[in-house]
Amino acid sequence: MARIIGGLATSHVPSIGGAIVKGLQQDPYWKPFFDAFDPVHAWLEREKPDVAVVIYNDHGLGHFLDKMLTFAVGAAESYSNADEGWGIPVLPPFPGHAELSWHIIDSLVADEFDVTMCQEHLVDHAFTLPMKLMYPDAGAAWPVRTVPITINSVQHPLPTALRCWKLGKAVGRALESWKGDEKIVVVATGGLSHQLDGTRAGFINKDFDQLCMEKIVDDPVALTRYSNKQIVELAGSQGVELMCWIAMRGALGGRVSKVHSTYHVPISNTGGAVMLLANSDVATAIAAE
Ligand code: DHB
Ligand code: FE
């Protein structure tokens, strides 16, 4: 039986890609953020997940404004990246897991989430940079198969936090009913607070970010009570990427344990956050050793 072993959430700022190219991981500006991945690497090395289900928001590479998809699931054997104009390298293609994707899609639609199915899908920085952060030395040989799931956080109207939580729970049910015996990590990318445009450009709300990081562990339902307008007010217009964290947390079991978290401001315009959560049975096994 497939097993969801944990969840990883991280910010996905494009300049992370620039910092990697320039080797700035030890630079004081970047160090706390990159250091957050040391325990993530140790956990990945130890747990060796087979599949990463990556919940993120596309910024116009995979889905554009002419047809904006509220929830979409990739259903391809491979996902390519392409130049988004950020000046960062295009990463080698990522292996998909089409059979698992179709199982997830079947299960979600039966669960009344009428998702868009993407048999071709370009993955943007919100997918590629977290993968690079997880597996910096993988080159073209990514060690996990992937299933991209996108949540619209770009064009009004956005799904609510409660809806994204329910989507995550439905993804969790789909993964638990998968016939394979893969170990699965659910990855959320985006956030935390940031606003890239308008009169509040540069807005970051450290207190709200830290509250979210606390609630996501033990009381995620509290986050589902915020309206989208409240999240924009508290976290900035791009801070709605928090929805991906909420969906990821929904896909994990009821109880999780925090393996690691880092909050470091700013990275670019963003409250930079990394959090690794283990499903409780895995955490118990680690503690017992
Ligand atoms: C930045 C953050 C994002 O989430 C993004 O998608 C693009 C840019 C930033 O802080 O620069
Ligand atoms: Fe973003």
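Modeller: The largest pocket holds about 560 Å³ of space. This is a predicted model, where local features need pLDDT of at least 70, side-chain atom pairs count only at pLDDT 80 or more, and totals for chains, interfaces and linings use all residues. Residues are numbered from 1 along each chain as its sequence is written, chains are lettered from A and ligands numbered from 1 in the order in which they are written, and side-chain values use heavy atoms, leaving out hydrogens and water.

Biologist: What makes a space a pocket, and how is its volume defined?

Modeller: On a 1 Å grid over the protein atoms alone, a pocket is an open set of points with protein on both sides within 12 Å along at least five of seven lines, whereas a cavity is a set where a 1.4 Å probe fits but cannot get out. Points are joined across faces, edges and corners, and the volume is the space filled by probe spheres set on them.

Biologist: Which residues line the largest pocket?

Modeller: There are 27, with Ser 153, Leu 196, Ser 237, Gln 238 and Glu 241 nearest its centre. A lining residue has an atom within 4 Å of a point. By class, 10 are nonpolar, 15 polar and two charged. Here Ala, Val, Leu, Ile, Met, Phe, Trp, Tyr, Cys and Pro count as nonpolar, Asp, Glu, Lys and Arg as charged, and the others, Gly among them, as polar.

Biologist: What takes up the space of the largest pocket?

Modeller: Ligand 1 does. A molecule sits in a pocket if more than half of its atoms lie within 2 Å of the pocket's grid points.

Biologist: Which contacts of ligand 1 are called polar, and why?

Modeller: A polar contact is a pair of N or O atoms within 3.5 Å. A polar side-chain atom of Glu 241 lies 3.2 Å from an oxygen atom of ligand 1, so this pair meets the cut-off. The side chain of Ser 268 has an N or O atom 2.6 Å from a ligand 1 oxygen, so that pair counts too. For Asn 269, a backbone N or O atom is 3.1 Å from an oxygen of ligand 1. The protein covers 95% of the 300 Å² of accessible area that ligand 1 has on its own, by the Shrake-Rupley method with a 1.4 Å probe.

Biologist: What is the peptide bond from Gly 191 to Leu 192?

Modeller: That bond is cis, with omega near -5°. Another cis bond joins Val 265 and Pro 266, with omega about -20°.

Methods: Polar contact = N/O pair within 3.5 Å; in protein donor to acceptor, adjacent residues only side chain to side chain.
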